[in-house]
2 protein chains.
Amino acid sequence: MLTHTLEEILHPQSIAVVGASSNPGASGYNFTYHLLEYGFKGKIYPVNPRSPEILGMKAYPSIKEIPGTVDYVISAVPASAVLNMLDDCSQKGVKCIHLFTGRFGETGRPELAELEQSILKQARKSGIRLIGPNCLGLYHPREGISFGYGFPSEPGSVGLAAQSGGGALNFVYLGSLRGIRFSKVITYGNAIDLNECDYLDYFSQDPETKIILMYIEGLRDSKRFFKSLKQAASTKPIIILKGGRGESGMRAAASHTAALAGSTKIWETMTTQAGAISARDFDEMADLAVSFYFLPPVHGPRVGVVGGGGGPSVLSADICEEAGLDVIPLPTEIREELKRQGNSIWDWIGNPTDSSISGETAFSAGDMLQMMDRNQNFDILIGIMGEGTPAGKEAILARRRGDVKSYVKVKKKISKPLLVMVEEKSLGTKDYNNWRWRVMSEARAKLIASGIPTYPTMARTASTARKLVEYYQRRK
Amino acid sequence: MLTHTLEEILHPQSIAVVGASSNPGASGYNFTYHLLEYGFKGKIYPVNPRSPEILGMKAYPSIKEIPGTVDYVISAVPASAVLNMLDDCSQKGVKCIHLFTGRFGETGRPELAELEQSILKQARKSGIRLIGPNCLGLYHPREGISFGYGFPSEPGSVGLAAQSGGGALNFVYLGSLRGIRFSKVITYGNAIDLNECDYLDYFSQDPETKIILMYIEGLRDSKRFFKSLKQAASTKPIIILKGGRGESGMRAAASHTAALAGSTKIWETMTTQAGAISARDFDEMADLAVSFYFLPPVHGPRVGVVGGGGGPSVLSADICEEAGLDVIPLPTEIREELKRQGNSIWDWIGNPTDSSISGETAFSAGDMLQMMDRNQNFDILIGIMGEGTPAGKEAILARRRGDVKSYVKVKKKISKPLLVMVEEKSLGTKDYNNWRWRVMSEARAKLIASGIPTYPTMARTASTARKLVEYYQRRK
């Protein structure tokens, strides 16, 4: 059993939403609604002095009037009401308050920064821990706590601590559409009490969490952080996205979470030395997260690329090479094997394997992937599923569906990491009905369901593969 | 009237498809079908010795038996049949043959490379020009000629010459979904006769073509090419994607179009000096193409960013800055204007403008964009449309639709270039029904229909904006 402070906080028996509301436009509505929607098993206490009932539940005029104990409070009241609420929470023995409430230090106004400090002081005096302020709090699917609509209800093994609620919200959608599921997502805004170090330490110890993701604008305790990071990175992959890397980003971070960003150079050096992986944006974080979620370790940079047409194959070679992968020529043993099989183009096929030339031969992308998997010269396999064929509807549908079947079948037989690029197009809703894009979306979903990570462009596939190579090389 | 050789070739009065077929799986079927599908106005002659009728049209056993004149021939017969067909074409006075037929020099087999040369020699003797071999030929919407299913039937102002048929095919889908339309797309494979220089010169002279795109694996005439390029680039934006930049890419290019790629360094220097713009892949080519298609010139790197939530705003600043844009602090005049308007957060709002803090104020992204447009300190405007808000369905639908209306309205009033990032997610078909993604796809289509280019990620938006800045700076 985990003894970290957050373990108890993250498993409350009862939650009060202060500032709960019956108005679907209000945040106090959303937080209450989510507890019902995601099936929180403990007691739920809406608190609002002007409503006797909220969402079909009895509401209380204040925390003090709640009959039972209250472990966890979600605060959706204005900043000016927080000190009074803290008094009530103190009397009630509340363990933790998630302050959704914002407009403190981040506004740049001295009186509001002072108020923030008074809140911290009083919370400390009362032994109440604070998540936030100025954040969306928790998404904890196993407990039925959430800050967003339509998040997956089933839990997974990815833990995310994020200083930005909006960023985390978007990432939960982004990541879950690409197949990952979360153990806990904690958004923590201004981090005046519990900070990045607490969340990192917790995820590091949490057996449910296999991959740690962090979005950080500024560190509250940089000394402790790099120590924690080193410790955590020795046991689990940690992907860190730093917001506020440049001058304008730091300015924006200050007015977002009152973060004081440090030197970017020092940051980069420290995270790499600690063994963590840097992401430049949430898209790259998703690319990396799905890779660690689905793939076995990557042992080197030698890549086999299969499935694209002529031009796309040429470009995939360039892009992989420019990303720092090694697109080796097709090994002689594979060529000999093709010849023995009576393949009429055994001397023409290469790496990347151009799918448009195999026309009349019985040879498929799946066959080549298996040969590359058996051949000791390859470390990574990349599949390309794109639009580069001039055939009609029936032929394309048959080919795409055949490709998917082949990847899924091959996946079970091979031991090397397989990444598949499934091209994405910028669709309008009317394009949804086009069989051409439907079959690609169908392919994407089927590959993901079979545990094959997919990527939207070759540039992102290659760059992700390279980061995996570097990560596993550094760990040796 | 254009006097370039290609002008007559591209406007044939009659087309024969040699190797035409009634079998929907065959290329000889596709090419014939497209002439009907896209409404080619001239005469169509299917040629096949074994079928009296193809797709409801009388078919002829050979070119010679066709009663009228034949201007243009699409060859879908095997390589071994081409020399005989050339004889017939010569007798018939054919002006140009598009050799879809492949398996020549690109196979690496000497006897097939020799055959290719014999074909060229005989074509020259007969005064017949060749497009290809080993290519998909033409998409010319105004004439009703196409090599792909489901291409737009309406023409536009983008000309594309591509050595890869599959690459061009994909790009037509990619580009048209993002709002651009094409004057002519010419794919040209091994380019044994008409080559990159001819196509470039033609597009340079063609009044229908305002933006030129090229995908090139190897140059057939590099001296002439750079002269043509310089000439063309002085009149129109030219975006060039080079395939075969690295060792493995060059290997792949040789087996795709028998291209001999030269030094990448020399290539880069020459294209930049000539005034062309380099793209690294078809995705970047699309980003650049839509920008030139929709935007006015960009006069400098000072960018105003509007519409993202807290974290996404911070990251947008970092990403813009790292791309080489200048995310200037919000100018004092705008702050003063906000104060005069009675905006309660006039001292907190910045650039990027965090949309999540404007909550109760009447202030919108559109208002800020107009102020930035009027303010002389900004050169470029970027809008962010993302998922970073924890609200429920009705609120989000109202906000997204409001944003779109606001962008469309503002677009008519402002004079500065406006790029909008509309986030894309990797969807499976079942996600199509989710209102959350539908409203984004709806937004994308509406913005594009109003002439606002959209981009799928902030990284790509920023990198495109930077390339525009550099292009217009070089032209000064």
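Copies are superposed by least squares on the C-alpha atoms of residues with pLDDT of at least 70 in both. In this predicted model, a rotation of 180 degrees with 0.0 Å of shift along its axis brings chain A onto chain B, with an RMSD of 0.0 Å. The relation is therefore that of a two-fold axis. Among the residues of chain A, Tyr432(A) comes closest to the rotation axis, its C-alpha lying at 3.5 Å.

**The interface**

Contacts between the chains involve 84 residues of chain A and 84 residues of chain B. Helices of chain A that each supply at least two residues to the side touching chain B include α5 (165-177), α8 (247-257) and α16 (458-475). The largest share of that side, 11 residues, comes from α11(A). Its residues divide by class as follows.

| Class on the side of chain A that touches chain B | Number |
|---|---|
| Nonpolar | 28 residues |
| Polar | 34 residues |

**Helix α5 of chain B**

Helix α5(B) spans residues 165-177; its 13 residues reach 18 Å from first C-alpha to last, close to the 18 Å expected at 1.5 Å a residue. Because 12 of its 13 residues are buried, α5(B) is largely enclosed by the rest of the structure. Among the buried residues are Gly165(B), Phe171(B), Tyr173(B) and Leu177(B). Their cover includes α11 of chain A, together with β8 (138-139), β9 (158-162), β10 (182-187), β11 (211-216) and α10 (282-294) of chain B. Just after α5(B), Gly179(B) adopts a positive phi of about 105 degrees.

Methods
Residues numbered from 1 in each chain as written. Chains lettered and ligands numbered in written order. Predicted model: local features only at pLDDT ≥ 70, side-chain atom pairs only at ≥ 80, totals over all residues. Contact = placed C-beta atoms within 7 Å. Helix = DSSP H or I, 4+ residues; strand = E, 2+ residues; numbered from the N terminus. Nonpolar A, V, L, I, M, F, W, Y, C, P; charged D, E, K, R; others polar. Expected span 1.5 Å × (residues − 1). Buried ≥ 20, exposed ≤ 12 C-beta atoms within 10 Å, placed from the backbone.
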